[in-house]
Amino acid sequence: MFQAKLIVTGDDFGYCPRRNQGIVECFLAGAVSNVSLLVNGSAAADAAKLARRYNIPIGLHANLSEGSPVCEVLKTNSSLINEDGFFHGKMGFRTALSKGLLNMSEVKQELKAQVDLFHELTGHLPPHMDGHQHVHVLPEVRHVFAEVLEEYGIEYTRVPIEPGLHNCDWIEPSLMDFYVGVEEDSLNTVDVFTKHGIRWPDIYIGLSTMGKNMSVSAIRNAIDTAIVEFMSKVPAQPAPQHRTVTIELMVHPGYPSVPPIGGCGEGPDDFSQSWERLHELQMLIKPELQSHYKTRNIQLCSFKDL
């Protein structure tokens with residue numbers, strides 16, 4: 001029988017105290033096995049302390065789209081910020097990039113500043129580093145992101161290409177358009193990351209199971225579908241049933257943020273204030289999900305265990 005190693009990553013650790021609380025509860029319940037830290041989050045220092053206290057595996061959620069830069073010289077007069085001194089936003093960043101308005105040396109400077117701050121907060125370099133709102137797979141950004149990982153010796157990242165995504169008819173069309181764009185960017189990123197010696201799990205899941213779309217059956221089906229698809233592509237030797245498949249499930253659990261507390265400098269956004277954060281928390285800690293992992297021979301782990 002094949003074995004699967006599943007990394008359940010709680011994104012946006014450090015966003016606000018309520019988000020931190022929810023993610024820690026998930027970790028202690030064995031529902032989340034890894035976290036991704038927003039170093040410019042309002043509760044980042046607290047999150048780093050919690051990770052130390054509970055021995056939670058922690059990596060970096062690089063942020064170029066929400067809140068304020070951490071690099072001092074980029075907080076004024078840089079291509080990464082708007083007139084209010086904040087990043088351009090999830091779609092604003094993409095628009096500025098497509099118009100050629102972003103200076104890639106400033107992107108690199110900010111990414112390095114975030115790795116350095118992560119090191120300062122946690123006492124170690126991140127074993128993995130991904131991008132908030134998937135900015136790390138965007139054109140141009142993917143190259144400097146890969147350079148930074150290689151320079152710091154950060155081995156793992158996330159490449160958000162989800163098997164079966166196009167069959168998920170429950171995803172709202174506007175969101176699906178965004179996801180398809182992320183997928184296209186990711187497909188174009190594979191060679192860049194590979195060239196820099198960066199690795200990522202065999203399977204990524206998390207778009208089809210986000211927020212209100214998360215349920216025990218949705219996670220179960222996404223994992224099963226992905227494994228079947230992956231196995232069909234694996235060469236026959238060594239015998240595929242003895243192969244360990246690695247999976248990352250991206251999740252965003254927590255107690256919803258209550259303004260004005262939280263965020264990355266501008267207060268909490270709609271996503272973090274949504275009831276969907278609590279819904280994810282409640283789904284992830286369900287015993288049926290844990291027992292499914294056991295019956296399917298799925299072992300929860302972190303990037304350090306790959």
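Is glutamine 273 buried, partly exposed or exposed? Glutamine 273 is partly exposed, with a relative accessible area of 31%; buried stands for under 20% relative accessible area, exposed for over 50%, and partly exposed for what lies in between (1.4 Å probe, protein chains only). Welcome to a short tour in close-up views.

This is a predicted model, in which local features need pLDDT of at least 70 and side-chain atom pairs count only at pLDDT 80 or more, while totals for chains, interfaces and linings use all residues. Residues are numbered from 1 along each chain as its sequence is written, and side-chain values use heavy atoms, with hydrogens and water left out.

**View 1. The whole protein chain.** Let us begin with the overall picture. The protein chain holds eleven helices and seven strands, where helices (H or I, at least four residues) and strands (E, at least two) are DSSP runs numbered from the N terminus. Its radius of gyration is 18 Å, close to the 19 Å that the globule rule gives for 306 residues, so the chain is as compact as a globular protein of that length. That radius is taken over C-alpha atoms, and the globule rule is 2.2 Å times the number of residues to the power 0.38. Along the principal axes, the C-alpha atoms fill a box of roughly 55 × 40 × 40 Å. Of the 306 residues, 57% count as buried. Among contacts with a separation of 6 or more, 77% are between residues 24 or more positions apart; a contact means heavy atoms within 4.5 Å.

**View 2. The surface and its charges.** The accessible surface of the protein chain comes to about 12,800 Å², and carbon and sulfur atoms own 53% of it. Such areas come from the Shrake-Rupley method with a 1.4 Å probe; for residues, only the protein chains shown count as cover. There are 25 positive and 37 negative side chains, and the centres of the two sets lie 6 Å apart. Lys and Arg count as positive and Asp and Glu as negative, leaving out His and the chain ends. Each charge is placed at NZ of Lys, CZ of Arg, CG of Asp or CD of Glu.

View 3. In soluble globular proteins, nonpolar side chains tend to be buried together. Here the largest nonpolar core has 77 residues, and those with the most contacts inside it include Phe13, Leu37, Leu111 and Met129. Helix 8 (residues 216–233) gives the largest share of this core, eight residues. Apart from it lies another core, of eleven residues, among them Cys168, Met176, Tyr179 and Leu207. A nonpolar core is a set of buried Ala, Val, Leu, Ile, Met, Phe, Trp, Tyr and Cys residues joined through side-chain atoms within 4.5 Å.

**View 4. Histidine 61 and its surroundings.** Histidine 61 sits in strand 3 (residues 58–62) and, at 2% relative accessibility, counts as buried. Leaving aside neighbours within four places in sequence, its contacts include Asp11, Asp12, Asp130 and His132. Histidine 61 and methionine 129 are 68 residues apart in sequence, yet 6.0 Å apart in space, C-alpha to C-alpha.

**View 5. Two residues with positive phi.** Most residues other than glycine have a negative phi, and most peptide bonds are trans. Glutamine 133, however, has a phi near 60°, and histidine 134 has a positive phi of about 60°. Glutamine 133 belongs to the loop between strand 4 (129–131) and helix 5 (141–152), and histidine 134 has its place in the loop between strand 4 and helix 5. Glutamine 133 counts as buried at 19% relative accessibility, and histidine 134 is buried at 6%. Not counting residues up to four places away in sequence, glutamine 133 touches Ser65, Glu66, Lys90, Arg94 and Phe178.

**View 6. Methionine 250 in strand 6.** Strand 6 (residues 244–251) holds methionine 250, which is buried with a relative accessible area of 2%. Beyond residues up to four places away in sequence, methionine 250 touches several others, including Thr9, His134, Tyr204 and Met210.

**View 7. A cis bond and glutamine 273.** Proline 259 and proline 260 are joined by a cis peptide bond, with omega about 5°. Proline 260 is found in the loop between strand 6 and helix 9 (270–273), and glutamine 273 lies in helix 9. Leaving aside neighbours within four places in sequence, glutamine 273 is in contact with Pro256, Ser257, Pro259 and Pro268.
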